[in-house]
Every structure is written in C-alpha cells, then in structure tokens.
Amino acid sequence: MTNEGSSSDKSPSFEMTWGSSTSSGYCSDEDSDSEFEQYFTARTSFFPKTRKANVNANVKKDEQIELGKQELTTTDIQQKVKEYNAQINSNLFMNVNKDGSYTGFIKVQFKLARPVSVPSPKKGGPDDRGRKASGVKRRTSFYLPKDASKHLHISSRTSAREVIEALLKKFTVVDNPGKFALFERSERHDQVYIRKLSDGERPLRLRLCSGPNEKVLSFVLKENETGEVNWHAFSMPELKNFLRILQREEEEHVKQIVQRYALARTKMQEALAGSTPG
C-alpha cells in the first residue's frame, strides 16, 4: 500500500475499495417495454418501512457535534492520529501532512430505499442513435444491496457534500446529489442515534475525534428526506417507472391477500366436511 502521508492535501483525494458484494436486484432485460429507463429489483419496498422503536431520529446532538467543533492544534492532531492508528487492526491508517492536515479512510454504509440511476451500456443500435440525435439519454436504475458499504480515502478538508458526490461518481450514479444526505450513526446506552450531517461538516475530523469504533460512530448514506416526496424533482421516465413499481407491488399484495383468504376458506370447508351434524 502506498503511503499517502507525504502527498499534498490542497484538493480532496478520493479512493474507494469494495466493502461488500456487488450483487443486487439488477438484471438485464432486452425485451422490456419501458421507453428510456428500466428498473429492476429483487425486492419490493417502494414505501419506507416503519422504523424500529430503538432508532431515534431526533438524536441528542451535543456529544457528536462537539466532537466536530473541537479546536485541534498540530500537536493534538499528531497525538490523536497516533492513538487512532494504534487501535486499528487493518492498514487503513491516518497520515498527517506537513501543512497540518491529515488523510485517512471512512467507511460509508448504504441505506437507500429507492433505486439509483446509472447510464445504460452503449449498444450502438439504431434506437440508441435515434435517442442520441434527439438528445434523450437512456438510463438504467436498480436497487443497491442493503449491506453495501464502501471505504473512501479523504482528507480532513473533505466536506460531507464532497463525500456524497465522490460516492455517486464512483458508482457512476447520475441522480442529483441533492437527493442524498450523509448521516452519522452512534450507539449509546442500548440506543441508536442518527444525525444528519450538514454539507460543510468534515467526516474525517469526526472519525478522528471519535476513534475507529464503528459503534461509537459510523457513516450512512440515505435519501435526503425533507418530508413529503417532491415528485416534481423526478424526470418523466423516472415517474413512469415508479408507477410500474407501484403497480407490481400492488399486484403482489393483492395476490398474497387472495391466497391467504383462499387458504382460510379451504380449511373452513374441510372442517365443515369433517364435522358431524348435531
């Protein structure tokens, strides 16, 4: 592994390694009747599920925010980096630069409820040439696996917004970065706390001050939920495919309900047939 410690840190440095399997709900479907986009999923979960009771979205912010606001001298940074590196069992070390900045790795988990869009593979067919001439870009969307996570190499100057943009770029995701937000997750006293990071916060600074323990602090990429979904922010092909997803989910739920009632009816009829009048 190349030592990053001596490199200049005036511009954010991004490197990524896989932290989990790339398997997902994506598949190829040449005969799909969708116009310009295709959505594939191995699961149906268009509507967000109810949060567990032990997950508190309204986190007690004081502790973690104070960690990010600590004023650290060069000596403090060197000492904290030394202590941090002594606690990890991998080669994902932090390194202090001559200008007082430092570089290191953060792990980001993906907890996305909706599919992401990527450019479709170029095929060079007549249909593709026609769409290119008309200015229409074909996109393919799919659900990321629930357990996906990535290690990102960043500097102490890299902001939360830059982390989001770098992650999307590595995945070639073409969705608006404003649709996503970076959250910090912490476990304290058998409670799980979630806090949304502001665009200007420095994730690596939080990582250094918290230490390498993922229970004390971890990072999660989620949809930027601001209340009701702003459907006007989606393109026409995206909206059409959301409707297809809703229709498939509705059909599946109806099928399950019909099967459940049919099974109950059959058991009742068998009970009636086996019972003795009187």
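Here are a few numbered notes on how this protein is packed.

1. Before you dig in, remember that this is a predicted model, where local features need pLDDT of at least 70, side-chain atom pairs count only at pLDDT 80 or more, and totals for chains, interfaces and linings use all residues. Residues are numbered from 1 along each chain as its sequence is written, and side-chain values use heavy atoms, leaving out hydrogens and water.

2. Start with the overall build: you'll find six helices and eleven strands (DSSP runs, numbered from the N terminus: H or I of at least four residues for helices, E of at least two for strands). Of the 278 residues, 37% count as buried, meaning under 20% relative accessible area with a 1.4 Å probe, protein chains only.

3. Now look inside. The largest nonpolar core has 36 residues; such a core is a set of buried Ala, Val, Leu, Ile, Met, Phe, Trp, Tyr and Cys residues joined through side-chain atoms within 4.5 Å. Helix 4 (160-170) and strand 5 (102-110) are among the elements that each supply at least two of its residues, and helix 4 gives the largest share, six.

4. V108 is one of the residues with the most contacts inside that core. Beyond its neighbours within four places in sequence, V108 is in contact (heavy atoms within 4.5 Å) with residues including V163, L167, L182 and F219.

5. Which residues lie nearest the centre of the largest cavity? They are R114, P115, D175, K179 and F234, out of eleven lining residues. A cavity is a set of points on a 1 Å grid over the protein atoms alone where a 1.4 Å probe fits but cannot get out, and lining residues have an atom within 4 Å of a point.

Notes. On a 1 Å grid over the protein atoms alone, a cavity is a set of points where a 1.4 Å probe fits but cannot get out, and a pocket is an open set with protein on both sides within 12 Å along at least five of seven lines; lining residues have an atom within 4 Å of a point. Buried means under 20% relative accessible area, exposed over 50%, partly exposed in between (1.4 Å probe, protein chains only).
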